[in-house]
Amino acid sequence: MVKNGYFISFEGGEAVGKSTQINYLAKHLRKEGFDVVVTREPGGTPVAESIRSILLNAKIQNYGSIMEAILFSAARINHVDELIGPALKAGNIVLCDRFIDSTRVYQGIAGNVPKRYISLLEKITVDQTMPHLTFILDMSAKKSFARIHARRRKDHHDLDHFEKVNLNIHENRRQAFLKIARIEPNRCFIIDANRSIDIIADEIADISDRKIREQSI
């Protein structure tokens with residue numbers, strides 16, 4: 001248990017390995033004796049998962065980035081109120097696959113939703129429930145693009161709304177995440193996602209252990 005809980009988010013472009021690294025970190029932290037809650041956005045609760053199905057549908061692009069941002073915010077309010085907030089109050093460590101930074105990037109910077117709208121939605125949805133630590137998994141757009149299509153061929157599934165974009169958009173998103181990391185270096189750590197899974201997992205575990213200890217002092 002961590003006093004007041006500890007919130008870690010994982011961010012980055014498509015197919016950079018966020019889900020894999022979350023599972024590795026959850027296993028590591030549980031071995032250290034922590035209670036860990038793993039969740040994702042959009043999703044994490046029944047209501048938010050219902051909204052997720054709408055957001056991943058390719059037809060949502062017809063309604064524009066502002067509507068996307070509003071739907072993400074509706075899902076996030078429920079997610080924070082019903083899962084993340086209570087888990088943190090119980091002293092758990094929460095690991096979340098995407099959070100507020102993805103809205104800043106996908107709908108804000110890359111989607112051209114004005115910053116004042118994004119800031120207002122943040123205030124409404126998360127208030128003070130911001131991640132203590134954020135890992136931004138960084139990979140070249142060309143490599144992540146190739147991974148997306150390799151995964152599609154392997155799993156025989158259609159690309160979702162956020163995967164179905166060109167290489168330039170993937171690169172714009174990547175640069176937007178890196179910009180956030182430069183602006184908030186105390187919270188955000190850029191992780192080179194081009195390396196082996198185990199090497200990445202070890203680096204993330206070391207940083208997490210150090211930052212959690214600092215929070216507990």
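Reply: Let's start with strand β1 (residues 6–12) and strand β3 (residues 93–97), which run parallel and are joined by five bridges. Before we go on: this is a predicted model, where local features need pLDDT of at least 70 and side-chain atom pairs count only at pLDDT 80 or more, while totals for chains, interfaces and linings use all residues. Residues are numbered from 1 along each chain as its sequence is written, and side-chain values use heavy atoms, leaving out hydrogens and water.

Me: What makes β1 and β3 a pair?

Reply: The bridges do: two strands pair if DSSP finds at least two bridges between them. β1 and β3 have five, so they pass that test. Ile 8 has Leu 95 as its bridge partner in β3, and Ser 9 has Cys 96. β1 also pairs in the parallel sense with strand β4 (residues 133–138), again over five bridges; there, Phe 10 is partnered by Phe 135. (Strands here are DSSP runs of E with at least two residues, helices are runs of H or I with at least four, and both are numbered from the N terminus.)

Me: Why are β2 and β5 said to stand at the edges?

Reply: Look at the order of the open sheet: β2-β3-β1-β4-β5, five strands with parallel pairing. β2 (36–40) and β5 (188–192) each have a single partner strand, so one side of each has no neighbour in the sheet. From one strand to the next, the twist averages 20°. Helix α8 packs on this sheet, touching β1, β3, β4 and β5, and its direction makes about 165° with that of β5.

Me: How do you know that β1 is mostly covered?

Reply: Seven of its seven residues are buried (buried is under 20% relative accessible area, exposed is over 50%, and partly exposed is in between, with a 1.4 Å probe and protein chains only). Tyr 6, Ile 8, Phe 10 and Gly 12 point one way, Phe 7, Ser 9 and Glu 11 point the other way, and all are buried.

Me: Why is α4 described as largely enclosed?

Reply: Nine of its 10 residues are buried, so the rest of the structure encloses most of α4. Among the buried ones are Ile 100, Val 105 and Tyr 106. The buried residues of α4 pack against β1, α3, α5, β4 and α7 (167–183).

Me: Why does His 79 count as buried?

Reply: Its relative accessible area is 0%, so His 79 clears the cut-off. His 79 is in helix α3 (residues 64–89). Leaving aside residues up to four places away in sequence, its contacts (heavy atoms within 4.5 Å) include Thr 39, Glu 41, Gly 44 and Cys 96.

Me: Is Ala 15 buried or exposed?

Reply: Ala 15 is buried, because its relative accessibility is 13%. Ala 15 lies in the loop between β1 and α1, and its phi is near 65°, a positive value in a residue other than glycine. Asp 127, in the loop between α5 and β4, also has a positive phi, near 50°.

Me: Which residues does the cis peptide bond join?

Reply: Glu 41 and Pro 42, with omega about -10°. Pro 42 is in the loop between β2 and α2 (46–55).

Notes:
Axes fitted to C-alpha atoms, helices over the stretch in contact; angles between N-to-C directions.
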